[in-house]
Amino acid sequence: MRTLVVHCHPDPESFTAAVRDRAIEALRERGNEVRLTDLYAAGFDPVLSKREQARHLEPGPDPSVADHAADLQWCQQLVLVYPTWWSGQPAMLKGWFDRVLVKDVAFELPPDSNRIHAKLRNVKRIVAITTHGSSKLVNALEGEVGKRMVTRTLRAVCHPFARTRWIALYGIDTATDAKKAAFLERVGRQLR
Amino acid sequence: MEVLVVCAHPHENSFNHAIVESVERGCARAKHHTTTLDLYAIGFPAAMSTAEHRAYHGDHPILDPLVAEHAALVQQAQTLVFVYPTWWSQPPAILRGWLERVLVPGVAFRFDDKGKVRPGMQHVRRIIGVSTYGAPWTYVKLLNDGGRRMLTRALRMNCGVRTPTTWIGLYAMDSAGDRERAAFLDRVEHRLAHLHGSPSS
């Protein structure tokens with residue numbers, strides 16, 4: 001499958017970076033064609049500008065993010081790799097949603113309607129790989145904002161039968177090295 | 001009461017900025033003191049840096065003087081008000097970035113001996129969210145109301161156990177007429193002027 005991996009972590013030596021490397025390795029082993037977007041390494045600007053906001057009802061992305069939009073429209077599988085902060089995606093990744101998933105890239109907005117129509121029908125599989133500082137119980141109480149963002153909000157603009165997979169390590173702040181190693185194994189096993 | 005208003009809309013003439021004015025008017029009626037942070041006008045850098053991430057679990061997680069200034073305002077506040085447009089079920093990146101960079105250990109929470117998060121904002125007596133949505137209420141509820149969950153659950157868990165939350169949403173914003181918008185602004189002002197425990201005017 002044509003696979004786009006979007007990685008978001010400020011520290012190139014982080015555990016999330018190791019997860020990204022394991023994920024790409026596993027995806028390539030299974031014959032996927034992989035493209036990587038490393039938001040921090042690329043110096044992506046996550047803040048949607050006043051100019052972009054003013055033209056948000058016009059079709060197409062801002063020229064500065066056209067490459068990102070092209071990658072998104074190219075892929076059949078989207079793999080997001082990020083740490084969960086404040087129960088969701090870091091600002092850097094949220095900004096990628098804000099700026100790249102715009103009208104006529106991710107959705108269509110028919111005139112006089114306030115319901116968007118899916119446009120990313122090329123995306124048939126969405127995978128999120130993330131780490132949470134706190135436990136699964138705490139995240140459940142907080143309402144799993146990041147998980148819903150992927151399995152509901154994002155899925156709603158993808159293929160109608162798009163599959164989603166949630167691969168998460170809870171309690172990383174207190175996790176042992178063995179637990180982290182087991183998670184890397186799991187990432188390798190669960191990707192298709 | 002000290003009220004800290006955090007606003008995240010790129011355009012200074014936006015409806016969200018009119019909401020901020022309503023919040024300020026309501027607070028003035030109830031004699032609350034407000035401080036407003038307009039994140040776009042300030043040019044707040046949204047992304048946590050590599051150095052900040054490495055310092056996060058240390059004794060001094062704040063490296064940027066602007067962030068230190070905002071953290072001091074949070075520590076003085078008794079009410080936090082967030083005003084933003086909902087994009088992709090959540091606040092704009094700049095507001096997520098503000099939470100990530102300002103509400104760090106020592107400001108919003110602390111880690112206990114076992115590395116678990118313990119609340120640090122017991123001084124916050126109420127969290128208020130005011131947001132505009134492109135989608136209608138039913139669609140938001142069916143799909144995902146992530147921004148609301150983040151502020152009324154994840155953020156609230158770092159305040160006192162009895163900290164109430166208030167949510168005021170304008171849904172299907174694009175098809176709302178001038179009358180609906182004006183009524184919404186009045187509703188926001190009225191709600192802020194009549195917070196529990198404040199003298200009504």
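These legends describe close-up views of a predicted two-chain model.

Local features need pLDDT of at least 70 and side-chain atom pairs count only at pLDDT 80 or more, while totals for chains, interfaces and linings use all residues. Residues are numbered from 1 along each chain as its sequence is written, and chains are lettered from A and ligands numbered from 1 in the order in which they are written.

**View 1. Chain A, overall fold.** Chain A has seven helices and seven strands. Both kinds of element are DSSP runs, numbered from the N terminus: helices are H or I with at least four residues, strands are E with at least two. Along the sequence, the order is β-α-β-α-α-β-α-β-β-β-α-α-β-α. The C-alpha trace spans about 55 × 40 × 35 Å along its principal axes. Buried residues make up 45% of the 192 residues. A residue is buried if 20 or more other C-beta atoms lie within 10 Å of its own, exposed if 12 or fewer, and partly exposed in between, with C-beta atoms placed from the backbone. Among contacts in chain A between residues at least 6 apart in sequence, 81% join residues at least 24 apart. Two residues are in contact if their C-beta atoms, placed from the backbone, lie within 7 Å.

**View 2. Chain B, overall fold.** Chain B contains eight helices and seven strands. Its C-alpha atoms fill a box of roughly 50 × 35 × 30 Å along the principal axes. With 201 residues, a compact globule would have a radius of gyration near 17 Å, and the 17 Å of chain B agrees. Of these 201 residues, 46% count as buried. For contacts in chain B between residues at least 6 apart in sequence, 78% join residues at least 24 apart.

**View 3. The largest nonpolar core and B:Val23.** The largest nonpolar core has 110 residues. Such a core is a set of buried Ala, Val, Leu, Ile, Met, Phe, Trp, Tyr and Cys residues joined through C-beta atoms within 7 Å. A:Ala23, B:Val23, B:Val81, B:Val83 and B:Ile94 touch the most other members. Beyond its neighbours within four places in sequence, B:Val23 contacts B:Val5, B:Val81, B:Val83, B:Val130, B:Val188 and B:Leu192.

**View 4. Helix α1 against helix α8 in chain B.** The axes of α1 (residues 15-29) and α8 (residues 178-193) come within 7 Å and cross at roughly 35°. Axes are lines fitted to C-alpha atoms, for helices over the stretch in contact; angles run from 0 to 180 degrees between N-to-C directions. The contact of α1(B) with α8(B) has nine nonpolar, three polar and five charged residues. Here Ala, Val, Leu, Ile, Met, Phe, Trp, Tyr, Cys and Pro count as nonpolar, Asp, Glu, Lys and Arg as charged, and the others, Gly among them, as polar. Residues of α1(B) in this contact include B:Ile19 and B:Val23; those of α8(B) include B:Leu185 and B:Val188.

**View 5. The side of chain B that touches chain A.** The contact takes 38 residues from chain B and 35 residues from chain A. On the chain B side, α3 (50-55), α5 (93-102), α6 (137-143) and α7 (146-155) give two or more residues. The largest share, six residues, comes from α5(B). By class, the chain B side divides into 19 nonpolar, 12 polar and seven charged residues.

**View 6. A:Gly143, in contact with chain B.** A:Gly143 lies in the loop between α5 (136-142) and α6 (145-154) of chain A. A:Gly143 is buried, with 20 other C-beta atoms within 10 Å. Leaving aside neighbours within four places in sequence, its contacts are A:Ser87, B:Arg149 and B:Arg153.

View 7. B:Tyr84 is in strand β3 of chain B and is buried, with 24 other C-beta atoms within 10 Å. Beyond four places in sequence, its contacts include B:Cys7, B:His9, B:Pro91 and B:Leu95. B:Trp88 is in the loop between β3 (79-85) and α5 of chain B, and B:Ser89 is in the loop between β3 and α5 too. Most residues other than glycine have a negative phi. Phi of B:Trp88 is near 50°, and that of B:Ser89 is about 65°. B:Trp88 counts as buried with 20 C-beta neighbours inside 10 Å; B:Ser89 is buried with 25.

Key. Rg over C-alpha atoms; globule rule 2.2 N^0.38 Å.
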